[in-house]
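Have a look at the model first.

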Amino acid sequence: MPIEEIIAHGNAREMEKLFEKQEPIDIAHALEDATDDETTHFLSLVSDEHLANILEDAEPKERNRLVELLGNHRLLFIFPFMEKDDIVDILGEMEIGRQKSLMNLMKTEDRRIITDLLHYPPESAGGIMTTQYLALRNTMTVEEGFNTIRKIGPRTEQIETIYIVDDKKKLMGYVDLRDLLSASAGDLIAQYVETNVISVAPEADQEVAARLVSKYDLNSIPVVSNGIILGIITVDDIIDVIQQEHEEDMAQMAGASVEEDLSTPLATSVKLRLPWLLINLLTAFLASSIVNVFQSTIEQVVALSAIMTIISGMGGNAGSQTMSIIIRYLAKDGIDREDSRRQLVKEILNGVINGLINGFLTAIVVVVVYHNLFLGGIVILAMVGNMIIGGIFGLTIPIALKKIGFDPAIASSIFLTTATDTLGFFLLLGLAQLFMPLLMG
């Protein structure tokens, strides 16, 4: 029976078989197409543990819908099977009244942990960390350490990296599980501690944690405040962060919103898109005004109207290539002044070389079609100039946005297109007007 039919009409036995054959994330995706009545029927037949797995893997929008269909008492039975950071994500999306009601029903220790986690912004290191990690005292022997691991290991997200703390939870270092497996039972764990720990502050942005995990190839990274370990961020959460940030960057580069998807209502979609489209409209008027200034030039050499889009488009493409490299580099390591100078020289040289090659090929076509050798020469000069402009603006726009405190991906393409269209038109038409006697001769 197809998964959709099992969700809509299945019984408890069929549901159990479903989870033996399907991953929770695939079931979560299938639920997105189910009606509320079908979903309610599904929820009534699924065990708390299976439902916890679905809530952890579901997209935020679908997860919120499932939570809306579940009562508070059912959620309380589900939460023990979930990681604390995932519970915090669910509670953080709730209206305050229901959030307080649920927390009042929780055990005191769980309520304390979750209250602490809710204090951190959702996209901070503290907001995505989990408090379920392996920590051993530095005074323990290897045998005592393994006894502790057997007790608490099943409740932690990962056991490959074991953090070592003193009696005040101050982080001393970490031990790799493989090192302990080859150690003698009576040895002190302190003998095997690696003290060079890469950590992150709870207030740090989640992107900072993602960069550190990627740079140092970590399985997890501890979140530390005043030397005290508060929790850890695991690599699966880092992958989610990287994917989320990538989606945001791709949307923002086009002036769209990551909040919009295929199911977004029309009114909301218009509201999210319209501001950037209006900005784009204003910049289009700027480019149009340049064309209007040279209207008489275009009337005398009609071929210019066809060539303009080629020059502006190639400049925009060159700028987009540069911009994608710079945005990626800014997100990973940042760019200092010396890097900027070197890259600027490189972009100018790139513009000259690529502009000459593309300009020469375009000029051949122009000369063949319009039988005007001087027009071909103007095309080469305009192509070189606009590809240099594209490279310069592709470099400077993201850096400038970053410097004034904005995400460098925010609508960068709109500003770049404005520069390459406006200046590209100006270059081509200005050169044509300057050399008009040769063009008309």
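On the H16 side, Trp276, Ile279, Asn280, Thr283, Leu286, Ala287, Ile290 and Val291 touch Ile414, Thr418, Asp421, Thr422, Phe425, Phe426 and Leu429 of H21, with contact meaning heavy atoms within 4.5 Å. Sorted by class, that contact has 10 nonpolar, 4 polar and 1 charged residues. This is a predicted model, where local features need pLDDT of at least 70, side-chain atom pairs count only at pLDDT 80 or more, and totals for chains, interfaces and linings use all residues. Residues are numbered from 1 along each chain as its sequence is written, and side-chain values use heavy atoms, leaving out hydrogens and water.

**Helix pair**
- The axes of H16 (residues 266–293) and H21 (residues 412–434) come within 9 Å and cross at roughly 5°.
- H16 and H21 are therefore roughly parallel (angles under 35 degrees).

**Strand S2**
- S2 (residues 161–165) is largely enclosed by the rest of the structure, because 5 of its 5 residues are buried (under 20% relative accessible area, 1.4 Å probe, protein chains only).
- Thr161, Tyr163 and Val165 cover one side, Ile162 and Ile164 the other, and all are buried.

**Strand neighbours**
- S1 (residues 135–137) runs parallel to S2, joined by 3 bridges; Leu136 has Ile164 as its bridge partner in S2.
- With helix H12 (residues 142–152), S1 and S2 make a right-handed β-α-β unit.
- S3 (residues 171–176) pairs with S2 in the antiparallel sense over 5 bridges (pairing takes at least two DSSP bridges), and Tyr163 has Tyr174 as its partner in S3.
- The S2–S3 hairpin has 5 residues between the strands, and Lys169 in the turn has a positive phi of about 70°.

Note on methods:
Axes are lines fitted to C-alpha atoms, for helices over the stretch in contact, and angles run from 0 to 180 degrees between N-to-C directions. Helices (H or I, at least four residues) and strands (E, at least two) are DSSP runs, numbered from the N terminus. Angles under 35 degrees count as roughly parallel, over 145 as roughly antiparallel, 65 to 115 as roughly perpendicular and the rest as oblique. Ala, Val, Leu, Ile, Met, Phe, Trp, Tyr, Cys and Pro count as nonpolar, Asp, Glu, Lys and Arg as charged, and the others, Gly among them, as polar. Buried means under 20% relative accessible area, exposed over 50%, partly exposed in between (1.4 Å probe, protein chains only). A crossover is right-handed if, with the strands pointing away from the viewer, the path from the first strand over the helix to the second runs clockwise.
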